Amino acid sequence: MKLNPHFYLAITFIFLASCTSSQMSSKSQSAPTQAKSSHQVVTLDKNFKIAMGQTIYVPVYSYIYHDEQQRILNLAATLSIRNTDLNKPIIITSVRYYDSDGKLVKQYLEQPIQLNALASSDFFISRNDNSGGLGANFIVEWVAQTEISEPIVEAVMIATEFQQGVSFISPGKVIKSQKN
């Protein structure tokens, strides 16, 4: 029995495609959790006038229970901060990650960053990192020099196993506002 040359070509293509996809996924897992270098770092000096700002609490789940709370499913989490203003930037002054006991796990920004109009930023927690626990959270603080449209701050949690997947979002809640 002689096989068609197209069969060998198809097998080769499938093999190469599977090699490429595994390389891409390993690159995405090693992505840094710090703010992107494309964001402009800013210094808030005494001349910086704050017109408005907020402190936002964002619930994050490092894992969830399933199967009648007998098993745990670890989740990857992405915090997304989106400037919804059409023309003006915001300054993100702090992004902190806390565990279920309210203890600081990680401070994500060393210096404030500017998020331009309609720009977004994200911060990633690996599925293997369950240091936050079931009650983990982010605290995000931002300010602006003029009145602006408030940003959208939310977390996306996801996990896939075999051919099953779970994903959901967790919206941020403003816990402190300032307007001058």
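This is a predicted model: local features need pLDDT of at least 70, side-chain atom pairs count only at pLDDT 80 or more; totals for chains, interfaces and linings use all residues.
Residues are numbered from 1 along each chain as its sequence is written, and side-chain values use heavy atoms, with hydrogens and water left out.

The protein chain contains one helix and 13 strands, these elements being DSSP runs numbered from the N terminus (helices, H or I, at least four residues; strands, E, at least two). Of the 180 residues, 32% count as buried, where buried means under 20% relative accessible area, exposed over 50%, and partly exposed in between (1.4 Å probe, protein chains only). The chain exposes about 11,700 Å², of which carbon and sulfur atoms supply 54%; accessible areas come from the Shrake-Rupley method with a 1.4 Å probe, and for residues only the protein chains shown count as cover. Among contacts (heavy atoms within 4.5 Å) between residues at least 6 apart in sequence, 77% join residues at least 24 apart.

Four strands form an open sheet in the order β9-β5-β11-β12, with antiparallel pairing, two strands being counted as paired if DSSP finds at least two bridges between them. Strands β9 (120–125) and β12 (164–171) stand at the edges and have a single partner strand each, so that one side of each is left without a neighbour in the sheet. From one strand to the next the twist averages 20°, with axes taken as lines fitted to C-alpha atoms (for helices over the stretch in contact) and angles running from 0 to 180 degrees between N-to-C directions. Within this sheet, strand β11 (residues 152–161) is joined to the antiparallel β12 by eight bridges, and M157 has F168 of β12 as its bridge partner.

A further antiparallel pair consists of strand β6 (residues 90–98) and strand β7 (residues 104–107), which are joined by three bridges. The hairpin of β6 and β7 has five residues between the strands, and in this hairpin G102 takes a positive phi near 80°. The bridge partner of R96 in β7 is Q107.

The structure holds three salt bridges, a salt bridge being a side-chain nitrogen of Lys or Arg within 4 Å of a carboxyl oxygen of Asp or Glu. In one of them, the side chains of R96 and E141 meet at 3.3 Å, N to O, and this pair links distant parts of the chain, since R96 belongs to strand β6 and E141 to strand β10 (residues 137–144), 45 residues apart. R96 counts as buried at 16% relative accessibility, whereas E141 is partly exposed, with a relative accessible area of 24%.

Another salt bridge is formed by R127 and E161, whose closest N and O atoms are 2.7 Å apart. Because R127 lies in the loop between β9 and β10 and E161 in strand β11, the pair ties together parts that are 34 residues apart in sequence. R127 is partly exposed, with a relative accessible area of 23%, and E161 is likewise partly exposed, at 35%.

The side chains of E147 and K179 also meet in a salt bridge, at 4.0 Å, N to O. This pair links E147, in the loop between β10 and β11, to K179, in strand β13 (residues 173–179), 32 residues apart. K179 is exposed, with a relative accessible area of 56%.
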